[in-house]
Amino acid sequence: MRHSALAGLGFALLLCLPGEPASAAGVPAGTDIENTAQVNYTLGTSSVTATSNTVTLRVAEVLDVVVTAQTPSVSVSAGAANVPLVFRITNTGNGSEAFRLTLQSALGGDDFDPVAAVPALYFDTDSSGTLSAADTPYTPGSNDPLLAADAFVTVLAVHGIPAGAANAARGFARLDAQSRTGTGAPGTVFGGAGTGGTDAVAGSTGADGEAQSEYLVADLALAALKSAVVLDPFGGTRTVPGARITYQVVVTPTGSGTAIGAVLLDPIPPNTRFLSGSLRLNSSVLSDVADADAGTYQATPSPTVRVALGDLTQASGPQTVVFVVTVD
């Protein structure tokens, strides 16, 4: 078997979760495709059938892998430790295959290099999407994930953030997954190295997949808290036709730095109508049309309240938006 170096193979098999809808390269590797022809004819009054020899072709293994970033961008604070990026590795070939994983944490084009933890890669054993005691460290060559066709495994790439990283700075990291059988240009053949001793062929990915994710330093965070007060036509608080619902959204900035160009968008719920003239920002009346003030009610493409909050810092304090709808 070509994966003879796989110590800890049983553990790797436990990581092979069912994949999403079929994406593997067709017929399973090692499957025999057999074909026999017949010739029917008549001799005198007798029907005769001549059978050809059977031609058997064995399906080769296609080596393909796709890596996807489940968290394209993760907000962090400068100096944060053990923050994971989440990746998914999917075997899109047609046979079971083991993959070697490599993390690249020093990439060009970003503002800082995330500091890889030791160890840096973990299997998300408890499927939590966060680093926990249940997660298993990855050791190259020891527990390389062995994935059936269409199976995937979730991997956490864990880093620390430099204390001096500036607000809005970005740091990139990339996870690579390569077939243990081999990689190469699509069509590269690895004779006899596939499932059941068949050939293995590099597929469209070259048996080498990668995906990049990023950390975004966001020392300032905006939290939005929404509440509703109902007044029905009878003076009660039941949500009945004709009732008015007063929505309040409080946006609170915390931390250092500046959130530039903050905008609140709040879709008007189905089966309700926006009450013209009800829009307020910090108790100030806003018009419904696009003009010099911060508020707008837009009916298309879908009814929505839009309020430009501007550049916010912690010193800006809570920003309170209020508007009213009526129940149809």
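This is a predicted model: local features need pLDDT of at least 70, side-chain atom pairs count only at pLDDT 80 or more; totals for chains, interfaces and linings use all residues.
Trainee: I would like to start with Phe 323: does Phe 323 count as buried or exposed?

Mentor: Good place to begin! Buried means under 20%, so Phe 323 counts as buried.

Trainee: Now for the aromatic rings. How many aromatic pairs does the structure hold?

Mentor: There are four aromatic pairs in the structure. A pair of aromatic rings is described by the distance of the centres and the angle of the planes. Take Tyr 247 and Phe 323: their ring centres are 5.6 Å apart and the planes stand at 40°, so this pair is tilted.

Trainee: Which strands hold Tyr 247 and Phe 323?

Mentor: Tyr 247 belongs to strand E19 (residues 244-255) and Phe 323 to strand E26 (residues 319-327), so the pair ties together parts that are 76 residues apart in sequence. Tyr 247 counts as buried too, because its relative accessibility is 13%.

Trainee: And how should I read the rings of Phe 274 and Tyr 297?

Mentor: Use the distance and the angle again. The ring centres of Phe 274 and Tyr 297 are 4.5 Å apart with planes at 15°, so the pair is stacked. Phe 274 lies in strand E21 and Tyr 297 in strand E24, so parts 23 residues apart in sequence are tied together. Phe 274 is buried at 12%, whereas Tyr 297, at 25%, counts as partly exposed. Together, Tyr 247, Phe 274, Tyr 297 and Phe 323 form one aromatic cluster.

Trainee: Which charged end sits over the ring of Tyr 247?

Mentor: That is the charged end of Lys 226, 4.5 Å from the centre of the Tyr 247 ring. Elsewhere, Arg 88 lies over the face of Phe 152, 3.8 Å from the ring centre.

Trainee: Let us turn to the nonpolar cores. Which residues touch the most other members of the largest one?

Mentor: That core has 30 residues, and Ile 89, Leu 101, Leu 121, Val 155, Leu 175 and Tyr 215 touch the most other members. Several strands each supply at least two residues of this core, among them E6 (65-69), E9 (97-104) and E17 (208-217). E8 gives the most, with four residues. Beyond it there is a second, separate core of 21 residues, which includes Val 251, Leu 281, Phe 323 and Val 325.

Trainee: Which residues is Ser 278 in contact with, leaving aside its neighbours within four places in sequence?

Mentor: Those are Val 322, Phe 323 and Val 324. The side chain of Ser 278 also reaches the backbone nitrogen of Val 324 at 3.0 Å. Ser 278 is in the loop between strand E21 (272-274) and strand E22 (280-281), and with 9% relative accessibility it counts as buried.

Trainee: What about the backbone? Which residues does the peptide bond with omega of about -5° join?

Mentor: Val 118 and Pro 119, and the bond is cis. Pro 119 is part of strand E10 (residues 115-123). The peptide bond from Thr 300 to Pro 301 is cis as well, with omega near 0°, and Pro 301 is in the loop between strand E24 (295-298) and strand E25 (304-312).

Trainee: And phi: what is the value for Ser 127?

Mentor: Near 55°, which is positive in a residue other than glycine. Ser 127 counts as exposed, at 55% relative accessibility. Asn 282 has a positive phi too, about 50°, but Asn 282 is partly exposed at 36%.

Definitions and conventions: Residues are numbered from 1 along each chain as its sequence is written. Side-chain values use heavy atoms; hydrogens and water are left out. Buried means under 20% relative accessible area, exposed over 50%, partly exposed in between (1.4 Å probe, protein chains only). A polar contact is a pair of N or O atoms within 3.5 Å; within protein, one must be able to donate a hydrogen and the other to accept it, and residues adjacent in sequence count only if both atoms are side-chain atoms. Contact means heavy atoms within 4.5 Å. A nonpolar core is a set of buried Ala, Val, Leu, Ile, Met, Phe, Trp, Tyr and Cys residues joined through side-chain atoms within 4.5 Å. Rings of Phe, Tyr and Trp (its six-membered ring) pair if their centres lie within 6.5 Å; planes under 30 degrees apart count as stacked, over 60 as edge-to-face and the rest as tilted. A charge sits over a ring if NZ of Lys or CZ of Arg is within 6 Å of the ring centre and within 35 degrees of the ring normal.
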